[in-house]
Every structure is written in structure tokens, then in C-alpha cells.
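Here is a short briefing for a first look at this structure. Keep the sequence and the model side by side as you read.

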Amino acid sequence: MEGCCTVAISLELRCLFPRLLELSPTEVVAIWDAVSAYILGQLQLDKGVLLPGLGTFAMVHEQFHGEDEVYVVRRPVFRLEMDNSLLQELVFPTVVIPGDVQISPLNYKWLSRATSFPPHVLEDCVQETILLYSFQLRNRQRLAFSFKDIGVLSCKDDVLCMRFYYDCVTGLESKASRIALLHTCAPATPRQFQQDEGGRQAGASSSSQACRCTPIL
């Protein structure tokens, strides 16, 4: 389906993805759309969100000196926090998140109210999707991991980074949006991720996005 990429897994790995094998692709996309909505809501409050095994989203405030004034700019960042063994052949930006930024894990009770799925089902889905994505990186499959209305974690020329959508950056910083865009990792539009590196369809809009991996046997 649009917005979801299916990935074949071997029978011996089936036990690692019981929840993803139980859920339909439509349900997986709906869960990750809710995850993205929660993250974006926290960014709007200048708070950060930790996704264990993947990384941390946060907002940073930075000062930039113009000719006549100093600009304080808010912009989103993503700090990659994956196992180094998965990233040996990849380059990724060093992101510093100030210590005073409040960072919390996903609120699964909030997600449960938003999706009607029990919290344990949501947590399993998130953890297994991140694990499956990690397996793809380890196997040199450079799929794009999308977050609705936020951006895409993509790998191009062996550089793995979060490319925030233009609308996300300008929505979070409306007063000095040009400066925020200039200092954000390659601001992107969803149409840039219509295809992955293998030419397979991966999503064409911020509502459908690039791919969310689900396993098939």
C-alpha cells in the first residue's frame, strides 16, 4: 500500500516480529502516523522525544548574527542513536541537543487514545519496526524511514540523516524561517521521496510519506 514498504524476512527471524506480522500494513501506517503527530506536538512545545534504538527528536534555540540584529531561531533536530555496528559504512551528522531540553519517551497512553490500540500493541509495533529498519541497514538496504508531516530519515551517498520537510521547519519557526531552513539538514519536500534508491514506489505526499517497513514471509 502507499506509504508502507513490505520486507521479506526469513522463517528463523519470524519470532522477532510477532506484532508486525499480526498487524495489517494499514494499521502499521496508522500507528506511525500517530507517533509522528505526537512527536510534532512535542516539538511545538519545545520538547524532545526519544525513540529507543533509532534516535531523538528535539527543538534547539540558536543565535545567528545579522548585519543589524541578532536572531534567535528555533529549529528541529534529530540525533541518530543506533547501534554503531549498523552504521560502520555510513556517515551521519553530529547533533548536539542542549542539556536543558526536556526529552521523554513516547507516551503510549496518548497514542492509545489517538489510535484505539492498546499501549502494549503500540509499543511492540514501534520497537519491531525500528528493529526491522535496523536489519535493513545492516543488510545494506537503504530504505527511507518517514515521519508524517516531519521528515524522512534517508540515506544518500552513504550519508544517513533526517531531512525535515520544508513545511515542518517553517511551521515550527515562522518568524525566522529562512534562517532555520539554511541551518537545517537539507530541507525536503515529500515529492523528493517518491522513490527509493531501487526505484520502488515509496510514497508521494506528506500524508502517505516514504516507507514504513512491515515484514512478509
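Strand 7 (residues 151-156) and strand 8 run antiparallel and are joined by six bridges. The model is predicted: local features need pLDDT of at least 70, side-chain atom pairs count only at pLDDT 80 or more, and totals for chains, interfaces and linings use all residues. Residues are numbered from 1 along each chain as its sequence is written, and side-chain values use heavy atoms, with hydrogens and water left out.

- Helices (H or I, at least four residues) and strands (E, at least two) are DSSP runs, numbered from the N terminus.
- Two strands pair if DSSP finds at least two bridges between them.
- Three strands form an open sheet in the order 6-7-8, with antiparallel pairing.
- Strand 6 (145-147) and strand 8 (159-164) are at the edges with a single partner strand each, so one side of each has no neighbour in the sheet.
- From one strand to the next, the twist averages 20°.
- Strand 6 pairs with strand 7 over three bridges, in the antiparallel sense.
- Phe-145 has Leu-153 of strand 7 as its bridge partner.
- Leu-153 also stands opposite Met-162 in strand 8.
- Val-152 stands opposite Arg-163 in strand 8.
- Five of the six residues of strand 7 are buried, so the strand is mostly covered; buried means under 20% relative accessible area, exposed over 50%, and partly exposed in between (1.4 Å probe, protein chains only).

**Positive phi values**

- Most residues other than glycine have a negative phi.
- The hairpin of strand 6 and strand 7 has three residues between the strands, and Asp-149 there takes a positive phi near 65°.
- The hairpin of strand 7 and strand 8 has two residues between the strands, and Asp-157 there takes a positive phi near 55°.
- Ser-116 is not a glycine, yet has a positive phi of about 75°.
- Ser-116 sits in the loop between helix 3 and helix 4, and counts as exposed at 69% relative accessibility.
- Arg-140, also not a glycine, has a positive phi near 65°.
- Arg-140 lies in the loop between helix 4 and strand 6, and is exposed with a relative accessible area of 53%.

**Helix packing**

- Two packed helices are described by the angle between their axes and the distance between the axes.
- Axes are lines fitted to C-alpha atoms, for helices over the stretch in contact, and angles run from 0 to 180 degrees between N-to-C directions.
- The axes of helix 3 (residues 108-115) and helix 4 (residues 119-138) come within 9 Å and cross at roughly 105°.
- Helix 3 and helix 4 are therefore roughly perpendicular; angles of 65 to 115 degrees count as such, under 35 as roughly parallel, over 145 as roughly antiparallel and the rest as oblique.
- Helix 3 makes this contact (heavy atoms within 4.5 Å) through Tyr-108, Leu-111, Ser-112 and Thr-115, and helix 4 through Pro-119, Leu-122, Glu-123 and Val-126.
- Helix 2 (residues 25-44) packs against helix 4 at an angle of about 95°, with the axes 10 Å apart.
- Helix 2 is thus roughly perpendicular to helix 4.
- Val-28, Ile-31, Trp-32 and Val-35 of helix 2 meet Leu-122, Cys-125, Val-126, Thr-129 and Ile-130 of helix 4.

**Leu-131**

- Leu-131 is found in helix 4 and counts as partly exposed at 31% relative accessibility.
- Leaving aside neighbours within four places in sequence, Leu-131 is in contact with Leu-16 and Phe-17.
- Leu-131 and Leu-54 are 77 residues apart in sequence and 8.8 Å apart in space, C-alpha to C-alpha.

**Nonpolar cores**

- A nonpolar core is a set of buried Ala, Val, Leu, Ile, Met, Phe, Trp, Tyr and Cys residues joined through side-chain atoms within 4.5 Å.
- The largest nonpolar core has 54 residues, of which Ile-39, Phe-57, Leu-106 and Phe-147 touch the most other members.
- Apart from that core lies another, of six residues, among them Val-60, Val-95, Ile-97 and Val-101.

**The whole protein**

- The protein has six helices and nine strands.
- Of its 217 residues, 50% count as buried.
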